[in-house]
Amino acid sequence: MTSTAEESTPARKLTKEERAEQRKKKRGPPIRYPFWFGGSASSMAACVTHPLDLGDAPKSMSGTFVHIVKSDGPLGLYNGISASLLRQLTYSTVRFGVYEEIKARYTRSGREPSFPALTAMAVTSGFLGGIAGNFADVLNVRMQHDAALPVNERRNYKHAIDGMVRMAREEGALSWFRGWLPNSSRAAVMTAGQLATYDTFKRLLIDYTPLGDTLTTHFSASFLAGLAAATATSPIDVIKTRVMSSTQKQGILRIVGDIYKTDGLRWMFKGWVPSFLRLGPHTICTFIFLEMHRKTYRKVKGLEEKKL
């Protein structure tokens, strides 16, 4: 029995360019989605995870829930939801929209953005988003914490718009931009931890596993992105908490030095668990909802890949 020439010839190894082309085909053609998808998906995620933002740590979270439910009923867990939604519709719409726009312009030349390039895009868009949503963030914090305060100390904003008007009338319009620099800086780091890592993990899972562009891939990539975002923002949250709780005027470098003396490098990850318990579920829900938006858009526009 003779072998054919094809059977005896070893399989040719693909070149680097051919492998890259195969990965691109596996991912499908790039599609430009509407600017507002990120804000919409983040708003939907906020509706699911909003109660998790009412507690500051696992030890106090359950106690906070019980206190709120006893004093205000189950709906009290959604105090401040209007401000939370307003924040996502401003902050997340801008950061997702700008990020996707920059990425689309970058890839228009045929180049595939590296992780450092994606990180730079995410940092820029996150900072801009932080500025756009700062006023809503201030309202969000105030309205969420209102339910945990004694009745005589509550601000009792009726909703986000009422809060905006009262802040401008009672404290001046500049109160909308209170803490904008640290807030925007944190938003930049947060966005890099979420968007750049999600795109990278999703790309790796599609390219190097048999999962494809599926719900399992979206969940896995968003879970890993939540871990990255919680880790990246943990040192910032520790410093912010220490600054806010300090009774003395101290510079940030002095505060970091004092924390390092008592805790060593572990100070950077104090409170990591409660941070992930809040940020992780929101990150997962955001990207799951975002991919649902994208899938629906492709289906409506007739862009879904046809099964052979």
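Arg87 counts as buried, with a relative accessibility of 18%, where buried means under 20% relative accessible area, exposed over 50% and partly exposed in between (1.4 Å probe, protein chains only). The residue belongs to helix α5, which spans residues 81-107; helices (H or I, at least four residues) are DSSP runs numbered from the N terminus. The model is a predicted one, in which local features need pLDDT of at least 70 and side-chain atom pairs count only at pLDDT 80 or more, while totals for chains, interfaces and linings use all residues. Residues are numbered from 1 along each chain as its sequence is written, and side-chain values use heavy atoms, with hydrogens and water left out.

The side chain of Arg87 makes a polar contact of 2.8 Å with the side chain of Asp137. Such a contact is a pair of N or O atoms within 3.5 Å; within protein, one must be able to donate a hydrogen and the other to accept it, and residues adjacent in sequence count only if both atoms are side-chain atoms. Neighbours within four places in sequence aside, Arg87 is in contact (heavy atoms within 4.5 Å) with Ser92, Gly133, Ala136, Asp137 and Asn140.

The largest nonpolar core has 20 residues, and those with the most contacts inside it are Tyr99, Phe287 and Leu290. A nonpolar core is a set of buried Ala, Val, Leu, Ile, Met, Phe, Trp, Tyr and Cys residues joined through side-chain atoms within 4.5 Å. Two or more residues each come from α3 (37-49), α5, α6 (115-132), α9 (180-208), α10 (215-245) and α12, and the largest share, five residues, is that of α9. Leu290 is in contact with Phe37, Gly38, Ala41 and Phe96, leaving aside neighbours within four places in sequence.

Helix α12 (residues 272-300) also holds His293, which is buried at a relative accessible area of 14%. Not counting residues up to four places away in sequence, His293 touches Trp36, Phe37, Ser40, Ala41 and Met44.

The structure holds nine aromatic pairs. One of them joins Trp36 and Phe37 edge-to-face, at 4.8 Å centre to centre and 80° between the planes. Rings of Phe, Tyr and Trp (its six-membered ring) pair if their centres lie within 6.5 Å; planes under 30 degrees apart count as stacked, over 60 as edge-to-face and the rest as tilted. Trp36 is partly exposed at 49% relative accessibility, whereas Phe37 is buried at 6%. Ring pairs link Trp36 and Phe37 with Tyr33 and Tyr297 into a cluster.
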